[in-house]
Structure formats: structure tokens, C-alpha cells
Amino acid sequence: MNKMDAIWLSIACLSLALNVFLVCRLLSFKRGIGRLAGVLADIRKSGFMRRAHLGFFNEPFKDLGTELNAIMDEYQNIIEENQRLELSHKQLIANISHDIRTPLTSLMGYSEVLKDQGCSPEEQREYLEIIYAKAVSINRMIDEFFDLAKLEAEDTAMELTPVNLAEIVQESLASFYQDFIQASVTPAVSIPDEKIVVWGNHAAIDRVLNNLISNALKYGLDGGALEVSMREEENRVWVDVLDRGRGIPAYELPRVFDRLYTAEVSRNAGMRGAGLGLAIARQLVEKQGGEITAQSTPGERTVFSFCLNKVSEQSATHE
């Protein structure tokens with residue numbers, strides 16, 4: 001065999017080897033595609049509960065299987081979250097219907113008594129006052145329901161400006177003066193005299209404070225104390241509302257700002273009227289770029305805190 005024949009023979013062998021390799025790779029690829037199609041069909045039939053296992057194939061199929069599993073994990077999380085929200089909506093409506101029905105039944109009962117016209121003038125005044133109080137309670141619950149629905153549905157950002165948080169806290173406390181007198185409590189207040197400027201919305205901050213202080217007055221005064229204080233932490237300013245009432249069990253704390261939780265709480269005899277105030281407070285704080293938390297040692301102390309971003313001295317000077 002001369003040199004030229006040897007070269008052609010080498011080329012032919014190399015070509016044959018390359019063809020064999022390509023055929024094998026093609027067959028492997030086809031088997032991989034077929035296996036993948038079968039796995040995806042099984043996943044679809046199982047309601048996307050199964051995952052793709054392609055570890056015995058080459059590296060590209062392994063990577064493809066990993067990405068497919070990641071996508072399906074995200075899809076499964078979305079499905080579970082939608083199911084949770086749907087259940088929450090249904091339960092929320094059922095709970096609010098229950099909460100409205102109770103004072104409404106009482107209102108109708110007292111109205112029937114007044115219709116009989118067998119009451120003394122003093123009894124009529126008493127019953128009318130009860131009817132008015134029940135009507136106010138129903139109106140408040142409906143307002144809270146629609147306020148929360150609007151906050152959750154609103155996509156536009158809340159308008160934020162530099163505001164004096166210390167001044168807003170003082171104004172809010174002053175608005176509760178008669179409530180403190182009726183409850184025979186003198187709140188311990190620790191607020192700086194100087195301006196503490198944060199990025200916020202005056203009306204929203206006032207609503208948050210109103211909800212937290214009202215919450216402490218309703219459910220924390222069995223401990224005989226109420227404290228409101230402010231503290232600075234790096235670029236944030238915190239407001240703490242503390243009471244020493246019965247408190248909140250540790251297993252309930254993670255859900256205390258959840259609308260479903262607050263709606264359920266309102267039907268406990270000892271907690272009636274809690275409404276959706278805490279859920280609304282969380283929405284308002286988060287829309288201002290802040291954070292709201294709850295800590296509780298039952299029977300000792302319960303603290304609801306929220307923070308807002310502090311305005312730098314340079315920005316405050318420009319304002």
C-alpha cells in the first residue's frame with residue numbers, strides 16, 4: 001500500500017467513525033427527547049406534582065431537566081398561593097358576614113321592641129342609643145372591609161413627602177385624650193421634642209397610629225398600662241405601642257397582620273370588634289416603604305412597632 005492509499009484509508013476510517021458517532025449521538029438524542037416527552041406527559045397527568053429525572057442522560061438533558069423542575073416548582077408555588085388567597089377571600093367574606101349579622105340581629109330586635117310602643121321614654125332613649133351604637137359598629141366594619149380591599153387592589157404608589165413623625169405621634173395621642181380618661185389610663189410617652197423627619201404620608205401615618213393605639217386600648221388595658229415611644233435605628237425611625245395585657249400566643253404572631261386572622265379574632269367573645277385594623281395598618285406602612293412588627297410575651301408585654309425611612313439632613317434642609 002502506497003502512501004496515498006494509506007491516507008485515503010485513514011480518511012475513510014475517520015469518516016466512518018465520525019458517522020457512527022453522529023448516528024449514536026442522534027439515537028441518544030432521540031431517546032432523550034422521547035424520554036423527556038414521556039416524563040412531561042406523566043407530570044401533566046399527575047397535576048404537575050411529579051418532577052423530571054434525567055440524570056442518566058448527557059449534560060444538556062440534565063441541565064434541561066433542572067430548569068424544567070425549577071419552572072414547575074415556581075408554577076406549583078403560584079398555584080398554592082392562589083388557592084390560599086381564594087380560601088382567604090371566601091373565609092374573609094364569611095367572617096365579616098358573621099360579624100355584621102350579630103349586631104344587625106341585635107339592632108332589629110331593639111327596633112321591634114320600639115315598634116310595640118310599650119316602652120317608657122327612658123327605655124326608648126336607652127334602646128335608641130344601643131341601636132345607634134350597633135349601626136356605628138356595622139358601618140365601621142363595612143368601611144374597614146372596603147378600605148382594605150382598596151389598599152390591596154391599588155397599584156399606584158402612595159405619595160410620600162418629608163413629615164415630622166414626632167409631631168404626628170403627639171397629635172394622634174392628643175386625639176385619644178377622652179379615650180384615655182374613660183379607660184382610666186395615663187399613657188407613658190417617650191417622644192423627642194425635636195423634629196424627627198421621615199418619608200411618609202401624614203394621613204396614612206395617622207391611620208396606622210389610630211389603629212395601633214385603638215388596638216392597645218381594646219385588648220391590652222387589662223394589664224393597666226399603655227406606652228408609646230420612638231427610637232432611631234440607622235436610617236429608620238421606629239414607633240412602639242406597648243401594652244401589658246393578655247398578649248398574643250407565639251404560634252399566632254406570624255399571622256397577626258393577616259386579614260383572615262384578624263377577621264377570625266373578631267368573633268372571639270373576648271376580642272370582638274378587632275376588625276381589620278391591623279391588616280390595614282400593615283398595608284399602609286408597607287406602601288410607605290416601612291415595616292411593621294408584633295412581639296408578645298403573654299401576660300407581660302405586647303409591642304406593635306412600625307418604622308419609616310428617615311429623611312437625611314441634607315434633604316430636610318432642601319425641603
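**Terms and model**

I take contact to mean heavy atoms within 4.5 Å. Axes are lines fitted to C-alpha atoms, for helices over the stretch in contact, and angles run from 0 to 180 degrees between N-to-C directions. Helices (H or I, at least four residues) and strands (E, at least two) are DSSP runs, numbered from the N terminus.

I am working on a predicted model: local features need pLDDT of at least 70, side-chain atom pairs count only at pLDDT 80 or more, and totals for chains, interfaces and linings use all residues. Residues are numbered from 1 along each chain as its sequence is written, and side-chain values use heavy atoms, with hydrogens and water left out.

**Entry: the sheet**

I looked up the strand order. I found an open sheet of five strands, β2-β4-β5-β7-β6, with mixed pairing. Two strands pair if DSSP finds at least two bridges between them. The edge strands are β2 (188–190) and β6, each pairing on one side only. On average, neighbouring strands here are turned by 15° against each other, direction ignored.

Next I placed helix α4 (residues 165–175). Helix α4 lies across β2, β4 and β5 and runs at about 175° to β4.

**Entry: pairings**

Strand β4 (residues 226–233) runs antiparallel to β5, joined by eight bridges. There Glu 232 stands opposite Val 237 in β5. Strand β5 (residues 236–243) also pairs with β7 in the antiparallel sense, over eight bridges. Arg 236 has Asn 309 in β7 as its bridge partner. Strand β6 (residues 291–297) pairs with β7 over seven bridges, again antiparallel. Thr 293 faces Ser 305 of β7. The β6–β7 hairpin has three residues between the strands, and its Gly 299 takes a positive phi near 85°.

I then checked burial (buried is under 20% relative accessible area, exposed over 50%, partly exposed in between; 1.4 Å probe, protein chains only). Seven of the nine residues of β7 (residues 301–309) are buried, so this strand is largely enclosed by the rest of the structure.

**Entry: α6 and α8**

I looked up how α6 packs on helix α8 (residues 277–287). Their axes are 9 Å apart, at an angle of about 150°. That makes α6 roughly antiparallel to α8 (under 35 degrees is roughly parallel, over 145 roughly antiparallel, 65 to 115 roughly perpendicular, the rest oblique). From α6, Asn 211 and Leu 212 are among the residues that meet α8, whose side includes Ile 280 and Leu 284.

**Entry: Asn 215**

Which helix holds Asn 215? I find Asn 215 in α6 (residues 202–219). Asn 215 is buried, at 14% relative accessible area. Leaving aside neighbours within four places in sequence, Asn 215 is in contact with Gly 220, Leu 278 and Phe 304.
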